[in-house]
Amino acid sequence: MRTRPMDHIFCAMDTETTGTDPLAGDRIIEVAMVPIYKGKILYRGIYHSLVNPQIRVPAMIEKVHGIGNEQLRNAPTMDEVFEKIRSYVSRSIMIFHRAEFDLTFLDFTAKEIGTFLPTVRFLDTYEIAELLFRERKSLSWLAKRYDLPTPTHRALDDAIVTAKIFLRMVRDLEMDVTELVKTWSGEEW
C-alpha cells in the first residue's frame, strides 16, 4: 500500500534572530514549530519559545520583530531549547519559508552547543512557489495570495502562516509533495 502524502508528519518552523549572519555573531532569539498531520494543523502540539541569545539584541533588529533584551533576560538558552527542536526535526518533514536561513542558524547553533543537527528532511515554501507561480515569492506575497494573515516577523505567527500556506500549496500542486523533499545534514559544516 502506497503512503499518501499527507500521512507523513510535517512541521512548519520559523525562527527570529538578532541579525542575518551567525558567523558574525547573530543568534536565534525565538523559535516556533507547528506540526501538521493528515492535512490539519495540530495546535495542541505547537512548540514556541523565546531564546536568550546571551548577546544584546540590536535596537534596529528589535524594531523588526519587537523582541527586546528585557523580554529575553529570563528566557531559556539554546542549550535548554535545542533538544525540543531535535525531537521535532527527527520525527517530521520540516516546512520552512527560505529554509537555508533557518537551517544555517540551526546548524551553527547545534555546533556551538557541542552537538550536531540531525539530518533534516524538509520542504521550502519559497521554492515550491516557483513550481506554482514560476518564481519564488515572499511569505507576505504568499499569505496575501492565499488570503491569510500578514506575517508579523514573530516565529509563532509566521510558522502558523507557513503551515497554512503549505497546506494550500499541497492542494494546488496536485502531486505527491514527498517527491520534493530535500535533506540537510548537520554534518556539512
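The largest pocket holds about 440 Å³ of space, a volume being the space filled by probe spheres set on grid points joined across faces, edges and corners. A pocket is here an open set of points on a 1 Å grid over the protein atoms alone, where a 1.4 Å probe fits, with protein on both sides within 12 Å along at least five of seven lines, and lining residues have an atom within 4 Å of a point. The model is predicted, so that local features need pLDDT of at least 70 and side-chain atom pairs count only at pLDDT 80 or more, while totals for chains, interfaces and linings use all residues. Residues are numbered from 1 along each chain as its sequence is written, and side-chain values use heavy atoms, with hydrogens and water left out.

The lining of the largest pocket comprises 18 residues, of which Asp14, Thr15, Glu16, Phe101 and His153 lie nearest the pocket centre. Two or more lining residues are given by each of β1 (9-17), α1 (59-65), α4 and α6 (139-145), and the largest share, 4 residues, comes from β1. By class, the lining divides into 5 nonpolar, 8 polar and 5 charged residues.

Helix α3 (residues 78-91) and helix α4 (residues 99-112) have axes that come within 11 Å and cross at roughly 120°, and α3 and α4 are therefore oblique to each other. The crossing of α3 and α4 is left-handed. Met78, Phe82 and Ile85 of α3 meet Leu106, Thr109 and Ala110 of α4 in this contact, defined by heavy atoms within 4.5 Å. The contact of α3 with α4 has 5 nonpolar, 1 polar and no charged residues.

Helix α5 (residues 125-133) packs with helix α7 (residues 155-173) at an angle of about 30°, their axes being 11 Å apart; α5 and α7 are therefore roughly parallel to each other, the term used for angles under 35 degrees. The crossing of α5 and α7 is left-handed. Among the residues making the contact are Ile128 and Leu132 of α5 and Ile165, Phe166 and Met169 of α7.

How values were computed:
Axes fitted to C-alpha atoms, helices over the stretch in contact; angles between N-to-C directions. Parallel < 35°, antiparallel > 145°, perpendicular 65-115°, else oblique. Left-handed = near helix turned anticlockwise from the far one by under 90°. Nonpolar A, V, L, I, M, F, W, Y, C, P; charged D, E, K, R; others polar.
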